[in-house]
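Dear colleague,

I am passing on the structure we spoke of, and below it you will find my notes. Please read them beside the coordinates.

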Amino acid sequence: MRDLLADETFGQPLIEASGLRIGRNGGTLLDIAHLALDGPGPTVILGPNGAGKSLLLRCLHGLITPDCGVVRQGGIPLNAAARSRQAMVFQKPVLLRRSVAANLDFVLKRQKLSRRDRKARIATLLDEGGLEGKARQPARSLSGGEAQRLAILRALARAPDILFLDEPTSALDPSATQRIEAMVLIAARRGTRIVMVTHDIGQARRMGHDIVLMQTGQVAEHALARDFFDAPQSQAARRFLAGALVL
Amino acid sequence: MLLILSGDSELWAIVLLSLKVSLLAVVVAAAIGMPLGAALAVGRFPGRRLVVVLLNALMGLPPVVVGLLVYLMLSRSGPLGVLQLLYTPTAMIIAQVVLVTPIIAALTRQTVETLDAEYAEQLRSLGVSRLASVPTLVWDGRVALLTALLAGFGRAIAEVGAVIMVGGNINHVTRVMTTTIALETSKGNLALALALGAILIGIAVSVTGLVSLLAVREGQGEMRHA
Ligand SMILES: Nc1ncnc2c1ncn2[C@@H]1O[C@H](COP(=O)(O)OP(=O)(O)O)[C@@H](O)[C@H]1O
Ligand SMILES: [Mg+2]
């Protein structure tokens with residue numbers, strides 16, 4: 001599958017998983033022989049509930065250590081330095097019990113920026129997320145869409161090479177979803193490699209450069225988006241697309 | 001009521017001593033209980049669960065038993081007898097510290113642990129180590145932690161059994177609100193007992209009011225999500 005995307009590679013940070021396995025109580029939750037994300041992205045990870053999409057994302061981000069197997073970034077097994085160049089947005093935004101600005105400052109403080117630089121950066125970020133004027137509001141009083149935008153801004157404040165998003169719009173209405181998608185695509189255009197989980201086929205069509213379809217802990221298919229939607233190779237993909245069309 | 005309004009100096013000396021003893025006890029209990037609670041919340045070591053259960057059990061320590069234990073420790077023949085602390089305000093502070101520390105530690109552990117369950121992955125994702133996440137958890141749990149302190153203070157200032165045993169209820173030395181109320185009531189001096197009772201209720205109500213006020217303020221942030 002690696003060769004499939006090789007023609008699209010131009011020096012993007014590469015993330016790659018080999019022989020990943022996570023078992024629980026005799027069953028296998030995740031079983032990934034080989035998955036290489038080496039295109040320009042965004043990569044969209046699709047699949048039904050419980051397919052292991054979140055588990056895979058957390059493995060790639062180093063939040064959980066698989067029973068066996070290895071995740072490599074740029075050819076090197078994932079380490080603290082590599083992880084610091086990744087960021088993740090969770091399905092349900094986890095915002096600190098502080099103001100909107102303090103949520104961003106929390107990340108910026110760790111980058112040893114001067115006070116003035118942090119203030120400027122916060123203003124820019126809030127502007128980009130359409131949260132200007134909300135700087136001093138408690139983050140927990142934001143609406144669902146605003147909260148998720150703040151979570152994305154906070155992730156982007158780390159200036160990550162790779163941004164993982166786990167179903168960031170699954171709880172949002174269409175207009176809030178659209179704003180999030182626009183933000184993510186802007187980040188992608190600026191060079192952040194996007195890896196995004198969704199179960200929304202429409203979103204996968206709108207956002208995906210390549211699609212990873214997961215089913216029962218395994219990668220059923222990994223293909224460029226146009227191939228995946230026009231000529232799915234696997235039985236699982238055909239079934240998934242057909243099922244979704246019925247919906 | 002006349003006693004309160006007339007600024008009776010003996011009465012206010014008693015009130016002041018009560019506040020001093022209980023505030024100091026809460027400060028010391030917080031200094032021990034909060035780090036202990038936070039460590040129990042984020043630390044992983046063998047026997048942790050046992051300590052947590054023990055701590056929760058200690059929350060309900062009967063004050064008289066605490067009084068007895070502290071008395072035995074401080075009495076002339078006890079291990080700390082040489083310090084000659086029995087029947088001093090310090091002895092009362094010690095008894096209240098023993099009573100209040102488990103409360104503060106247990107509530108701190110609960111607060112920090114609940115918050116940690118919510119924050120752990122996000123903080124790890126942001127590159128915050130386990131140890132470095134403790135100040136974040138404490139700060140974000142500040143309202144609940146303050147509530148724990150107030151609860152501890154409420155328990156300390158309303159307590160009578162332990163302080164009467166180790167303080168001795170000595171006039172001008174270790175006589176606090178609760179012990180004076182008990183004594184004066186038994187002597188039939190209901191005016192002073194009632195005046196002190198009113199002040200004690202006032203303090204208790206203020207503390208409870210402050211706690212619920214904090215709870216409401218904390219809740220406000222969440223309301224729009226509901
Ligand atoms: N910590 C865990 N312990 C046991 N099972 C888990 C754990 N996390 C996830 N699972 C199981 O792994 C499977 C995949 O979960 P997940 O990756 O969250 O699915 P998805 O994100 O695709 O909906 C599910 O069946 C889920 O119940
Ligand atoms: Mg999921």
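Chain B has 10 helices and zero strands, where helices (H or I, at least four residues) and strands (E, at least two) are DSSP runs numbered from the N terminus. Along the sequence, the pattern of chain B reads α-α-α-α-α-α-α-α-α-α, and its C-alpha trace spans about 65 × 50 × 20 Å along the principal axes.

Before going further, please note that this is a predicted model, in which local features need pLDDT of at least 70 and side-chain atom pairs count only at pLDDT 80 or more, while totals for chains, interfaces and linings use all residues. Residues are numbered from 1 along each chain as its sequence is written, chains are lettered from A and ligands numbered from 1 in the order in which they are written, and side-chain values use heavy atoms, with hydrogens and water left out.

On the interface: the contact (heavy atoms within 4.5 Å) takes 25 residues from chain A and 19 residues from chain B. The two chains bury about 2,100 Å² between them, 44% of it on carbon and sulfur atoms; buried area is the accessible area (1.4 Å probe) that two parts lose on being put together, summed over both. Four salt bridges are found across the interface of chain A and chain B, a salt bridge being a side-chain nitrogen of Lys or Arg within 4 Å of a carboxyl oxygen of Asp or Glu. A salt bridge joins the side chains of A:Arg98 and B:Asp140, at 2.7 Å from N to O. On the side of chain A that touches chain B, strand S6 (86-89), helix H4 (100-109) and helix H6 (144-156) of chain A each supply at least two residues, and the largest share, three residues, comes from H6(A).

On the ligand: the residues that surround ligand 1 (one heavy atom within 4 Å) are A:Arg24, A:Leu29, A:Pro48, A:Asn49, A:Gly50, A:Ala51, A:Gly52, A:Lys53, A:Ser54 and A:Leu55. Helix H2 (residues 53-60) of chain A gives the most to this shell, with three residues. A backbone N or O atom lies 2.8 Å from an oxygen atom of ligand 1 in the case of A:Gly50, 3.1 Å in the case of A:Ala51, and 2.8 Å in the case of A:Lys53. The protein covers 60% of the 560 Å² of accessible area that ligand 1 has on its own, with accessible areas taken from the Shrake-Rupley method with a 1.4 Å probe, and, for residues, only the protein chains shown counting as cover.

With best wishes

Conventions. Polar contact = N/O pair within 3.5 Å; in protein donor to acceptor, adjacent residues only side chain to side chain.
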